[in-house]
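Colleague: I am new to this structure and would be grateful for a guided reading of it. Could we begin with how contacts are read?

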Amino acid sequence: MNDQPTDSRPQDLRVLGWSPFFKEHFQQLNIPDTVPARVISESKDLFQVQSAGGVLAAAIAGRMRHRLKAEGLYPAAGDWVAVKPLAGEKKAVIQAVLPRKSKFSRKAAGERTVEQIVAANVDTVFIVSGLDGGRSFNLRRIERYLTLAWSSGAAPVMVLNKADVCPGVENFILKVKAIAPGVPVHAVSARERAGLEALAPYLTEGSTVAFLGSSGVGKSALINAMLGHERQQTGAVRSDDRLGRHTTTMRQLLLLPAGGIVIDTPGMREIQMWAGEDDLHGTFSDVEMYARECRYADCGHDGEPGCAVRAAIDQGELDPARLASYRKLGNEIHYLAAREAQSARCYEKEKWRPIAKLVKEINRSRLE
Ligand SMILES: Nc1nc2c(ncn2[C@@H]2O[C@H](COP(=O)(O)OP(=O)(O)OP(=O)(O)O)[C@@H](O)[C@H]2O)c(=O)[nH]1
Ligand SMILES: [Zn+2]
């Protein structure tokens, strides 16, 4: 079985997730001599893209790189792009990135708080937790992952793995359901291939999934179970860039034999919070339902009169830990948003510095 999407054979784009949404945007772009393709791996400005004609090694036109980065449109695994294939070569130049249906991002390394996309156009995100006891099962951490998922635009699905070593699985399902309103919860065992059929409806042809979850919860084991074989550890692919240097990259999009595509990038595994304030709504709809009943619209739920959140806690309807996480995540998001705004201002300043200098010089020469 071949888990790569996939050598140089022609590929029906729908199997790769091509849909009317992307088709419409591609047609609107109307760039001559381009074809649509999906980014299947990304590594240091080198891309592999899968087009209807096969896999192409792709690069971005140099002058576009900086602009795409600044605009948050730098291509990532899962993106649909418009590429201009080079005649007679398995190479192409990326001309544009199509709008994303969803995206997972993290803070780029370094000083500036810059958004870096680690996976694009994910339909369903499996949030994996371990049922093997200890630190692996943590409701507060699940809330974080849920917030991340809601902010991405992908639909979260809770997967409680290692059910084979857990007595009383039902109990855990109930606990998760209580903090994840409206989110499907499934208990499975990757090791025993048990319960996996419940995940099949998310893995229809052309649908893209990704995995979120702490180290050791069994994400690789689940991917292998879905692939039906061990993912090749040595799945590195040689590709060459325009200068002819050779580099190796890992395929980051995997086609499942039963249909569906898995995006598994290193960045996705170490993802950090990058959410907007609105994203707390999905995760904490219960807290906010009570908060709407508070007497004051700006109630801090801290002893104000007529506070419906406190009342719900006092009556045992709301777990106080829910309010605590709601606040904690809210603070983190505020902090990140403030840093992002700050770094955007710095970026603007950088951009204008040479011009400001020029204006100063002109003014000075006028005075002299
Ligand atoms: N008992 C049991 N163990 C499992 C199951 N799934 C995975 N494991 C074990 O859990 C350990 C971690 O599994 P991985 O699949 O490597 O976990 P991961 O989430 O990919 O971890 P990272 O690669 O660090 O992100 C391995 O020893 C697996 O054999 C399961 O369903 N039941
Ligand atoms: Zn209140």
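Modeller: Two residues are in contact if their C-beta atoms, placed from the backbone, lie within 7 Å. Please keep in mind that this is a predicted model.

Colleague: With which residues is Ala 163 in contact, leaving aside its neighbours within four places in sequence?

Modeller: Ala 163 is in contact with Leu 131, Val 169, Ala 187, Val 188, Ser 189, Ala 194 and Gly 195, once neighbours within four places in sequence are left aside. Ala 163 itself lies in the loop between S9 and helix H4 (169–179).

Colleague: Is Ala 163 buried or exposed?

Modeller: A residue counts as buried if 20 or more other C-beta atoms lie within 10 Å of its own. Ala 163 is buried because it has 22 C-beta neighbours inside 10 Å. Asn 161, placed in strand S9 (residues 155–161), is likewise buried, because its C-beta neighbours inside 10 Å number 28.

Colleague: Which residues does Asn 161 contact, with the neighbours within four places in sequence left aside?

Modeller: They include Val 128, Gly 130, Leu 131, Val 188 and Ser 189, and also Val 217, Gly 218 and Leu 222.

Colleague: What does the record say about Asn 161 and Ala 163?

Modeller: An unreviewed UniProt entry carries the annotation "binding site" for Asn 161, Lys 162, Ala 163 and Asp 164.

Colleague: How many residues surround ligand 1, and which are the closest?

Modeller: The shell holds 16 residues, and the closest are Ser 215, Gly 218, Lys 219, Ser 220 and Ala 221. Helix H5 (residues 219–227) gives the most to this shell, with three residues. By class, four residues of the shell are nonpolar, seven polar and five charged.

Colleague: Why does Lys 23 count as partly exposed?

Modeller: Lys 23 is partly exposed because 14 other C-beta atoms lie within 10 Å, and that number falls between the limits of 12 or fewer for exposed and 20 or more for buried. Lys 23 is found in helix H1 (residues 20–29), and its C-alpha atom is separated by 38 Å from that of Ser 189.

Colleague: Finally, which strands pair with S4?

Modeller: In a regular strand the side chains alternate between the two faces of the sheet. Here, strand S1 (residues 35–43) runs antiparallel to S4 and is joined to it by four bridges, with Ala 82 as the bridge partner of Pro 36. Strand S5 (residues 91–97) also pairs with S4 in the antiparallel sense, over five bridges; there, Val 93 is the partner of Lys 84. Strand S4 (residues 80–85) is mostly covered, with five of its six residues buried. In the hairpin of S4 and S5, Gly 88 takes a positive phi near 75°.

Definitions and conventions
Residues numbered from 1 in each chain as written. Chains lettered and ligands numbered in written order. Predicted model: local features only at pLDDT ≥ 70, side-chain atom pairs only at ≥ 80, totals over all residues. Near = placed C-beta within 6 Å. Helix = DSSP H or I, 4+ residues; strand = E, 2+ residues; numbered from the N terminus. Nonpolar A, V, L, I, M, F, W, Y, C, P; charged D, E, K, R; others polar. UniProt positions renumbered as here; feature names shortened; annotations may be inferred. Pairing = 2+ DSSP bridges.
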